[in-house]
Every structure is written in structure tokens, then in C-alpha cells.
Amino acid sequence: ADTQHPSGMSDSFLASCAVRAEDVHHVLLTADTSCGTLISQPRDQRKAEVLPDDLCQCIVAFLPLLALARVALCLNRAFSKAACARLAAMRGALLPLLQAPFGLQWQALLDKTEFLKFYRNSIGDPGMKAFSSALTIGAMAQLTHLLLGHNEIGNPGVVALSEALGKGALPNLEWLGLNTNKIGDDSLKSFADALDKGALLQLKVLGLNNNQIGDVGLSYFSKAVVKGALPLLIELNLARNQIADEGIKSFAKALATGALAHLEGLNLSSNRIGIPGMIALSEAIRMGALPMCQSLSPLPSISARAPKDLDDDMPPIESNSRAIGRTVISWSQPLPRGVG
């Protein structure tokens, strides 16, 4: 039978995270020094009881969630007690992720989970808030891919996610898919604020297609990227939004500063971009923006290549596109005579 700890955590729950505890032993070694104990003692003879309870609690408070279960189960009594107490306090934020619409396992929350895809799960804003709360306390901190397409996530949900990201919740994230939700300009402001704090410096693929982003939202986004918020981004999908000339002009100015220098795929199809916007973007590229491009011609050819999509629902480019090296810039309005 499972042993129940005073915190309410069972052995099976605590053991669900198989994480090494060498870092904790190192912390213990350092802490013993400050307490005046003999640092030369063999590790297996050390006793955490020599440390004051409040010091144990302070050390445990700085441990990542990934290590807490191991500490609670495997180390000595003083550290185990402090770790169990912290896990018990976190349990309320973690429990919603075990239920619909997420249905995760304890191990996914505490172990080195790197890939999560919730596609058409009807997460909505309440679900996104619960998910973000768990991220804030350190759940799934090792994620590299997070796909949240088709989940009816609006402004409150994106604000919650952005706040979690801004606190450093997912420092290793490389792929973020937020396509086909209800993300508008207010949402983009919160997201841009998180980017401005360096929340997604490792991000390589960002999908914001099929949302409600307009000129104001793209302007917020542009101000963040011009500061180097997405230095490694190679794919950006903004198709099927409400972006018009003013928004694309602000985006072009950001590109002209050297922002998004590694970008290879840019999808702007099915927006409201007219000739003034496309001229501004083309001029930025002509002046050296998007240096991964191989060439730019005043009369470029039509290309069938589109950036790699983020899920199975993204439609192909339906109308016109300009191929500039490896980068594709696409839009939905027909070109007037003599342009392209």
C-alpha cells in the first residue's frame, strides 16, 4: 500500500519524478559550510538535521519543481519535510492539469516533458489560466514544443500565458503554436511585453495565424522584436489575421533594423495588406532586411513554396507570393498591372 506523507503526497506520486538529486547534495554541502560544520564529512554521513528548519525551507524554496519530488522522497527528514510542504502548497495549481481538457499525468508535470500538443481541446480562457498557473510554479519547465491551436483562447488566456512566460516559465521553448484562436491586439500587447523581458530567446517557430491580430497588435510585436526579443526565429506565420498597411509598415521598420535576421519563412497571406504595405516591406528587404534571402528582384517570380506549417489545418497560400531566396512573402490581394 502507498505510504501517505503528512503533506498528503503518496510515495507513488513522489516517485513519479525520477530526477537525480546531486544538485541538492551540493546545496547541502554549501549550506553546511555556512553553519560551521565539517565540510570533509563523507556525503552519506551528512545529516540535514544540523541545519535549522528555516534554512532547509529556504533551500527547498529555490529548488525547481523538477527536483522537489525526488528531494521529498529520497533525502533526509528535514529536507523531505520542507519539500513535502512546498509540494502540498503547489498541488492545487497542478490538479486541474490532470483533468479535462488536459488529462496529463503527474510525471508529465514533474519530469522532463519536452513536447505538448493540445489540438482542438476546447481549452478556452479558464483552461489557459489554469495551465499558466502551473507553468508559473515550475511545471513542465523543460518544454521545447507547445502547440495550442484551435482552442478558443482569447485575451484573458493569452494574458495569463504571457505573464507566466514573462516570469521565465519556459526558457527552452523553441516552437509555439497559437494558431486558430481568438487572439487580438490586446493579447499581442501582453505577449509582446513578455517577449520584451526575454521570455522566448530560444524560440525558432511562432504560429499566430488564423487569429484577430490587427495593425495595433503587430505594432506591439514589432517593438519587441526590434529590441532583439526573438533572435533565433526562423519561421513566423501571421496569415489570416486583420493586418493592413499601417501594421506592415511598422513591421517593415523593425525588419530594417536587422530584427529577425535568421527568418527563413514569413507568411502574411489572407490579410488586408495593400500596395503601400507591400512597398514598405519590399523596400526594407531591398535595404538589407532578412539577410537569409539570396536575392530580390523588382519583378520577382511567383513561388509555390510556403513556410512549414504548425498543424494540419493551415491552408496553403491561395494567391500571390514573392520568393526572395529562401523567404516567402505572401499576400491575398491581386496585384495591379505592372506589379509582379
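Predicted model: local features only at pLDDT ≥ 70, side-chain atom pairs only at ≥ 80, totals over all residues.
**Confidence.** I began with the pLDDT and found a chain mean of 75, with 61% of the residues reaching 70 or more. Residues 13-25 have pLDDT below 50, and I noted that this stretch has 29 contacts in the model beyond near neighbours in sequence. The pLDDT is also below 50 over residues 294-340, a stretch for which I recorded 114 such contacts.

**Salt bridges.** I looked up the salt bridges next and found four in the structure, of which I followed up those below.

I checked their accessibility and found aspartate 193 partly exposed at 37% and lysine 189 partly exposed at 36%.

Helix H11 (residues 245-256) holds lysine 249 and glutamate 246, three residues apart and so separated by about one helical turn, and their side chains meet in a salt bridge at 3.6 Å, N to O. Lysine 249 is partly exposed at 30%, whereas glutamate 246 is exposed at 53%.

In helix H12 (residues 275-286) I found glutamate 283 and arginine 286, again three residues apart, with their closest N and O atoms at 2.7 Å in a salt bridge. Glutamate 283 counts as partly exposed at 35%, while arginine 286 counts as exposed at 54%.

**Threonine 113.** I located threonine 113 in the loop between helix H6 (106-110) and strand E1 (115-117). Leaving aside neighbours within four places in sequence, I listed its contacts as Gln107, Ala108, Gln142 and Leu143.

Notes:
Residues numbered from 1 in each chain as written. Heavy atoms only, no water. Helix = DSSP H or I, 4+ residues; strand = E, 2+ residues; numbered from the N terminus. Contact = heavy atoms within 4.5 Å. pLDDT = per-residue confidence, 0-100. Buried < 20%, exposed > 50% of the residue type's maximum accessible area, 1.4 Å probe, protein only.
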